[in-house]
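Thanks, everyone, for making time today. I would like to talk through some aromatic rings and then turn to one residue in a loop.

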Amino acid sequence: MTGLSPPAAIRPAGMEDCSSLAALSIEIWASTYLHYGISAHFADYVLAYYTPARFAEALQNPAEGLLVSQNLDGIDGYIRVTHGRPSPAGGASCTEISTLYVQPRHHGRSIGRHLLQAGLQLCRSNGWDAPWLASNSENSRAISFYLRNGFEHAGLTSFRISEAEYANDVLQYSSL
């Protein structure tokens, strides 16, 4: 690693990125949601869900869009937009920002905002709806970020892992 890299460039993800996307997702998911240790309950979910094969499937699906933030050393964030998923809060949108992750050490460099803008442009270019997203209700930093960037509260839903449920805020982008 070379330390602080030059500003990142946003580009479409490719098949060669699948293992990096899986590793980045596991890193961010674990650091965001596992504060007190790692149980098999969460480890099994993360290792089954964030795999290179699942990212390869997404890249081959025309209803999915994956954009990455690429710096000199590698990928430091990504956005995944999925069309055809109705909002759990109701409304007309069937386009979800299913993931927007930026490595914590790269926070504050506008990468998340640039990825979000690129994801919104992807929705416009494809003729998709103004997107919705779900964010863990305890993740006030993420919710504040989305509210500052044109999203509004639309309702609540639950994220499920096995039999456990976790409260999520549903946020809707105001308009494309």
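Let me begin with a term: a residue is called buried when its relative accessible area is under 20%, exposed when that value is over 50%, and partly exposed in between. Please keep in mind that what you see is a predicted model.

By that definition, W29 and Y45 are both buried. Their rings form an aromatic pair, with 5.5 Å from centre to centre and 45° between the planes, and the pair is tilted. Because W29 sits in helix α1, residues 18-33, and Y45 in helix α2, residues 40-49, this pair ties together parts that are 16 residues apart in sequence.

Helix α2 also contributes F42 to a pair with Y166 of strand β7, residues 164-173, and here the two partners are 124 residues apart, so that distant parts of the chain are linked. The ring centres of F42 and Y166 are 6.0 Å apart with the planes at 45°, and therefore this pair is tilted. F42 has a relative accessible area of 18% and so is buried, whereas Y166, at 26%, counts as partly exposed.

In total, the structure holds 12 aromatic pairs.

Finally, the loop residue: S87 is found between β3, residues 75-83, and β4, residues 95-102. Is S87 buried or exposed? At 9% relative accessibility, S87 counts as buried. Leaving aside residues up to four places away in sequence, S87 touches S93, W132 and V170.

How values were computed:
Residues are numbered from 1 along each chain as its sequence is written. This is a predicted model: local features need pLDDT of at least 70, side-chain atom pairs count only at pLDDT 80 or more; totals for chains, interfaces and linings use all residues. Side-chain values use heavy atoms; hydrogens and water are left out. Rings of Phe, Tyr and Trp (its six-membered ring) pair if their centres lie within 6.5 Å; planes under 30 degrees apart count as stacked, over 60 as edge-to-face and the rest as tilted. Helices (H or I, at least four residues) and strands (E, at least two) are DSSP runs, numbered from the N terminus. Buried means under 20% relative accessible area, exposed over 50%, partly exposed in between (1.4 Å probe, protein chains only). Contact means heavy atoms within 4.5 Å.
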